[in-house]
Amino acid sequence: MAAAVPLAVLALLLLGPGGWGYAEPLRDSLREELVITPLPSGDVAATFQFRTRWDSDLLQEEVSHYRLFPKALGQLISKYSLRELHLSLTQGFWRTRYWGPPFLQAPSGAELWVWFQDTVTDVDKSWKELSNILSGIFCASLNFIDSSNTVTPTASFKPLGLANGTDHYFLRYAVLPREVVCTENLTPWKKLLPCSSKAGLSVLLKADRLFHTSYHSQAVHIRPVCRNARCTSVSWELRQTLSVVFDAFVTGQGKKDWSLFRMFSRTLTEPCPLASESRVYVDITSSSQDNETLEVNPPPLTTYQDVILGTRKTYAVYDLLDMAVISSSRNLNIQLKWKRPLENGYIHYQPAQDRLQPHLLEMLIQLPANSVSKVSIQFERALLKWTEYTPDPNHGFYVSPSVISALVPSMVAAKPVDWEESPLFSSLFPVSDSSSYFVRLYTEPLLVSLPTPDFSMPYNVICLTCTVVAVCYGSFYNLLTRTFHIEEPSTGGLAKRLANLIRRARGVPPL
């Protein structure tokens, strides 16, 4: 018992100021947020942003311990004297005409642009080594970046963080438009998050749902920011962003109602314990064009208003750190429902499945007098299987006629009659109200020309193939199976013996 006292005192002395009683304040923080935006086309966009801020100067301090900031990226900043790094991996193209302006725009494929410190002597060498290292970190083809696809812009890509100078000699920019984004790129991107995909908003990052979308873009942005108002010291900020657009007709069967479970097949159960802020924002700004109102469930406790991209927006805010948001059900499934007035109609659309069912589009509308309504549908031409073409494929393919059913107001007052005694044209489509009559109209069938292959080519290929096979196979088979025999010359026949007898009788030497 007496020997244990010095050991205890020694342990307390070893803890010292950096032990349990004198813990240093945290110098890093994590803020995560998700913005859900219903788009004018009926689709919905989800934008994730994870901001990690570290109050440390990686260029001047020797850092050996990393808590929230990824060590792999921190070592890159120190080794290659980076000022800023911006990397994006995008699949698809953001259609501004139908979706509106995006929060963060990125080109299709891989984009990388880096600002180096003015202390770097060989920028091209550092750029080449950095692209190869990033290729290994994010499992991308960034190692194909070389002088043939690298440029040095002078006006388009200014520093987004603190910048003492703008000497564009230290800027490099490259794009790989053929880069295909897949799960191999998403997995290392999620591993850079402090909570990975175990808790918080990152649990929604399910690969099979994120890549089954019309648009997918993930990015990494590193820049220096001011640590205080006077900007006397520098902090490093890492922003990991991910934007996806869920197609209403592919994943939602034509309905504009959405929910977290419907988009991600998961719900939120708990915040990330390392995050100082974890919120979900839902754009509930009403669409004045369609006169629709958006309802969210559960009702938000607070709302937030701001001018975003030149438009005043209203957001419903769900704070995951608020115990009242999740503690009641331990399951947060935000639902979005659109309410449309009945007089404006409800469009019913059923997408087609190849070789299983056709498209179905029904529209219930009310047309004013002397008005014109135009309906246009975009389609893509595709090649069919060669057995699916008709005997006259160059004639084209027919699309079924459209059907218009309407109740037309009657200008003549009609008296009730017996339908059984009425003529055919008045009893086929009876109506209970004599002030209107039912009309069904059909449009002409549509003839569409599809790409038609050259059907003579299969015949030519079959003939050529059969000829080559017959000649080659027949020759080889004949050579492999034929037996060759060498015939010895014979000593003579009956004619030769008779000739020798005659020659012997005459005294002539035999043959």
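Residues are numbered from 1 along each chain as its sequence is written, and side-chain values use heavy atoms, with hydrogens and water left out. Because the model is predicted, local features need pLDDT of at least 70 and side-chain atom pairs count only at pLDDT 80 or more, whereas totals for chains, interfaces and linings use all residues.

The secondary structure of the chain comes to twelve helices and 20 strands, these being DSSP runs numbered from the N terminus (helices H or I, at least four residues; strands E, at least two). Of its 511 residues, 33% count as buried, that is, under 20% relative accessible area with a 1.4 Å probe and protein chains only. The accessible surface, by the Shrake-Rupley method with a 1.4 Å probe, comes to about 33300 Å², and 58% of this surface belongs to carbon and sulfur atoms.

Eleven strands form an open sheet with mixed pairing, in the order β5-β6-β4-β3-β7-β8-β2-β1-β10-β13-β12, where two strands pair if DSSP finds at least two bridges between them. Strands β5 (150-151) and β12 (302-308) stand at the edges with a single partner strand each, so one side of each is left without a neighbour in the sheet. Within the sheet, β1 (residues 28-38) and β10 (residues 277-283) pair in the parallel sense over six bridges, and Arg31 stands opposite Glu277 in β10.

Helix α4 (residues 123-138) lies across β3, β4, β5, β6 and β7, running at about 135° to β4; axes are lines fitted to C-alpha atoms, for helices over the stretch in contact, and angles run from 0 to 180 degrees between N-to-C directions. Helix α2 (residues 71-80) packs with α4 at an angle of about 175°, their axes lying 12 Å apart, which makes α2 roughly antiparallel to α4 (angles over 145 degrees). Ala72, Leu76 and Tyr80 in α2 meet several residues of α4, among them Leu130, Ile133 and Ile137, contact meaning heavy atoms within 4.5 Å.

Leu73, also placed in helix α2, is buried, with a relative accessible area of 2%. Leaving aside neighbours within four places in sequence, Leu73 is in contact with Leu192, Val220, Ile222 and Leu238.

For residues 459-480, the unreviewed UniProt entry gives the feature "transmembrane region", an annotation that may be inferred rather than shown by experiment. In the model this span is 100% helix and 0% strand, and its end C-alpha atoms lie 31 Å apart.

Key: Buried means under 20% relative accessible area, exposed over 50%, partly exposed in between (1.4 Å probe, protein chains only). Angles under 35 degrees count as roughly parallel, over 145 as roughly antiparallel, 65 to 115 as roughly perpendicular and the rest as oblique.
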